[in-house]
Amino acid sequence: MRTLVTGGAGYIGSNLVDALMAEGHDVSVVDNLSTGRIENIAHWLGHDRFHFVCDTILNRDLVDHLVAGVDLVYHLAALVGVKYIVDDPVEGIRTNVTGTEIVLEKAYKYWKRTVIASSSEVYGRNPDVPWREDGQSVFGPTTVSRWSYAFSKALDEHLAHSYSLQGLPVTAVRYFNSYGPRLDPNGYGSVVARFITQARAGQPITVYGDGCQTRSFTYVDDTVRGTILAGTVPAAVGQVFNIGSNREIAIRDLGAKIRDLVASASDIVHVPLQEAYGDHFEEIPRRVPDTQRAVRVLGFRAGTPLEQGLKKTLAWFESLDS
């Protein structure tokens, strides 16, 4: 199969590329390397089944050309990470909404099956946890910048659903805190990466707020497997799926667990949310997926225990030293 992965040099995207190449597919990648890293895909450069273009998905003519030449599109290119969205909401909205609009427009033009990567952020502050795919999206005021990411991803899903109603075979996947090898060591978009880097350096592990907020972390191999199933299982067309683990952990406990795995003497320090994100921010107390639909339709269940996944992730971070 000929596949296109937008954002394919990114953390999840490059792991998806590895899986698709291992299955024998022809893989094209477009990534402007604003947050993706060429090192993530360097081992495929020059391979006769791999094709890389360094450009933006906002380039309509390029996207038209790339989509026309493939059978399946995995659209992962986006600006991610709450802090980065808060710092630059305009770029986040532009990339996430306009980029998705272009990809879907071209997928519809050439009638290509498409998977849209969305986020658990679309649930907002919905108190009805665990979150079901048909649950409510409860957003805060538009004056709070963090909600711009949730709005942008929700709008992406609305676009996907609208094209689906016109017959396009499209599926959306909502990722829940994916982690694993190739996370940005500087912590871009990942609390796991930030904690590991701080613990390894013996620096204070910075927990924002009281640390009682919980998240459900999904090892990247599970994230990728769920994404591929969403693009290949016939019954997935027209649907949206939570792709994540339903085990939740408090962020302060995650910090302590990572500190212990690293055997670090780092202190755990609590930083006020306003100091970390500014005044225009709201925290979400719990983020846990209901995974019944993914199990029933895709046959997908996240299978990597948190402790095992963290050890694999830590091993990758340590490999960067050699």
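Analyst: This is a predicted model. Begin with arginine 182, which is buried, with a relative accessible area of 15%. The word "buried" applies because a relative accessible area under 20% counts as buried.

User: Where does arginine 182 lie?

Analyst: Arginine 182 sits in the loop between strand S7 (178-179) and helix H6 (191-200). Its backbone has a positive phi of about 85°, although arginine 182 is not a glycine.

User: What is the phi of leucine 33?

Analyst: Leucine 33 is not a glycine, yet it has a positive phi of about 60°. This residue belongs to the loop between strand S2 (26-30) and strand S3 (50-53). Leucine 33 has a relative accessible area of 29%, so it is partly exposed.

User: Which residues does a cis peptide bond join?

Analyst: Valine 129 and proline 130 are joined by a cis peptide bond, and omega there is about 5°. Look for proline 130 in the loop between strand S5 (113-119) and helix H5 (147-165).

User: What describes two packed helices?

Analyst: The description uses the angle between their axes and the distance between the axes. Here, take helix H1 (residues 11-22) and helix H7 (residues 220-232): they pack at an angle of about 65°, with their axes 9 Å apart. H1 is therefore roughly perpendicular to H7, as angles of 65 to 115 degrees count as roughly perpendicular. The crossing of H1 and H7 is right-handed.

User: Which residues of H1 and H7 make the contact?

Analyst: From H1 come Tyr11, Ile12, Asn15, Leu16, Ala19 and Leu20, while H7 supplies Val220, Thr223, Val224, Thr227 and Ile228.

User: What is a disulfide?

Analyst: It is a covalent bond between the sulfur atoms of two cysteines. In this model, a search of the whole structure finds zero disulfides.

User: Is cysteine 54 buried, partly exposed or exposed? And what is the relative accessible area of cysteine 212?

Analyst: Cysteine 54 has 48% relative accessibility and so counts as partly exposed. For cysteine 212 the relative accessible area is 37%, which means that cysteine 212 is partly exposed.

Methods. Residues numbered from 1 in each chain as written. Predicted model: local features only at pLDDT ≥ 70, side-chain atom pairs only at ≥ 80, totals over all residues. Heavy atoms only, no water. Helix = DSSP H or I, 4+ residues; strand = E, 2+ residues; numbered from the N terminus. Buried < 20%, exposed > 50% of the residue type's maximum accessible area, 1.4 Å probe, protein only. Axes fitted to C-alpha atoms, helices over the stretch in contact; angles between N-to-C directions. Parallel < 35°, antiparallel > 145°, perpendicular 65-115°, else oblique. Left-handed = near helix turned anticlockwise from the far one by under 90°. Contact = heavy atoms within 4.5 Å. Disulfide = S-S within 2.5 Å.
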